[in-house]
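Have a look at the model first, and then we'll walk through it together.

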Amino acid sequence: MAHEYDVVASEEVYAGRIISLRKDTVAMPGGGDSVREVVHHPGAVGVVALDDQDRVVMLRQYRHPVGAHLWEVPAGLLDVDGEPPVDAARRELAEEVQLSAERWSLLTTQHPSPGFCDELVVLYLAEGLSDVARPDGFTVEHEELDMTVERVPLAQAVQWVFDGTIRNSLAVIGVLAAAQVRAGSPQLRPLDGV
């Protein structure tokens, strides 16, 4: 029988605009306990948008924690209460790259850093792209003012993963998953299969 990792004590250390940090004291196998620092994150969505020429919509955005511009797929926080992840993905696609899609598929769900963070990221494949205006009330600001968007052939994007050109984990996972969908048609979960 698997050990139950009961939380015997919990203390909030920091509460920020997006993340919070807590210290949990957790019961360990064989007796005793250990302190684990946990970053709570609201979760996020990402979109691998493929056009009719099998080009993936990539954006290059500055990321301050790593001090560099990174190639990424459109993505954003699950920060609207009650908003289904696929609707958040639709919103992010329109906000960041002014696109909508006819067909949506759930590619993957993953915990990017489960050793210290509870973030869950839901990644979608969007196809049948068309141009749309940004949603009413959305304002481009901060790093997004410096963001560039490019359509990259999927095969080239896969090579960028192996070259180290794409280092953002969500983009790495998304590009490789989309390439596998194109190559082998794996059985995907329904959109609400999060």
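Setting aside its neighbours within four places in sequence, arginine 167 is in contact with Ala68, His69, Leu70 and Val172. Keep in mind that this is a predicted model. You'll find arginine 167 in the loop between α2 (154–163) and α3. Is arginine 167 buried or exposed? Its relative accessible area is 54%, and exposed means over 50%, so arginine 167 counts as exposed. Along the chain, arginine 167 and glutamate 72 are 95 residues apart, yet 8.3 Å separates their C-alpha atoms.

Now step back to the whole chain.

| Domain | Residues |
|---|---|
| domain 1 | 7–40 |
| domain 2 | 44–183 |

Taken over C-alpha atoms, the centres of domain 1 and domain 2 are 30 Å apart. Where the domains touch, five residues of domain 1 are in contact with four residues of domain 2.

Next up is the largest pocket, with a volume of about 1,400 Å³. It is lined by 39 residues, and the closest to its centre are Ile18, His41, Arg63, Gly76 and Leu77. Several elements give two or more residues to this lining, among them β4 (44–50), β5 (55–63) and α3 (169–184). Sorted by class, the lining has 17 nonpolar, ten polar and twelve charged residues. Why does the largest pocket lie between domain 1 and domain 2? Both domains give residues to its lining, so the pocket sits between them.

Which element gives the largest share of that lining? That's α1, with four residues, so let's look at this helix next. α1 has 13 residues and reaches 18 Å from its first C-alpha to its last, close to the 18 Å expected at 1.5 Å a residue. Ten of its 13 residues are buried, so α1 is largely enclosed by the rest of the structure. The buried residues of α1 include Val86, Ala88, Leu93 and Val97, and also charged ones such as Arg91 and Glu92. What do the buried residues of α1 pack against? Their partners are the strands β4, β5, β7, β8 (99–110), β9 (121–131) and β10 (148–153). Just after α1 comes glutamine 98, which takes a positive phi of about 55 degrees.

Definitions and conventions
Residues are numbered from 1 along each chain as its sequence is written. This is a predicted model: local features need pLDDT of at least 70, side-chain atom pairs count only at pLDDT 80 or more; totals for chains, interfaces and linings use all residues. Side-chain values use heavy atoms; hydrogens and water are left out. On a 1 Å grid over the protein atoms alone, a cavity is a set of points where a 1.4 Å probe fits but cannot get out, and a pocket is an open set with protein on both sides within 12 Å along at least five of seven lines; lining residues have an atom within 4 Å of a point. Grid points are joined across faces, edges and corners, and a volume is the space filled by probe spheres set on the points. Domain bounds come from an automatic or database domain assignment. The expected span of a helix is 1.5 Å times one less than its number of residues. Buried means under 20% relative accessible area, exposed over 50%, partly exposed in between (1.4 Å probe, protein chains only). Contact means heavy atoms within 4.5 Å.
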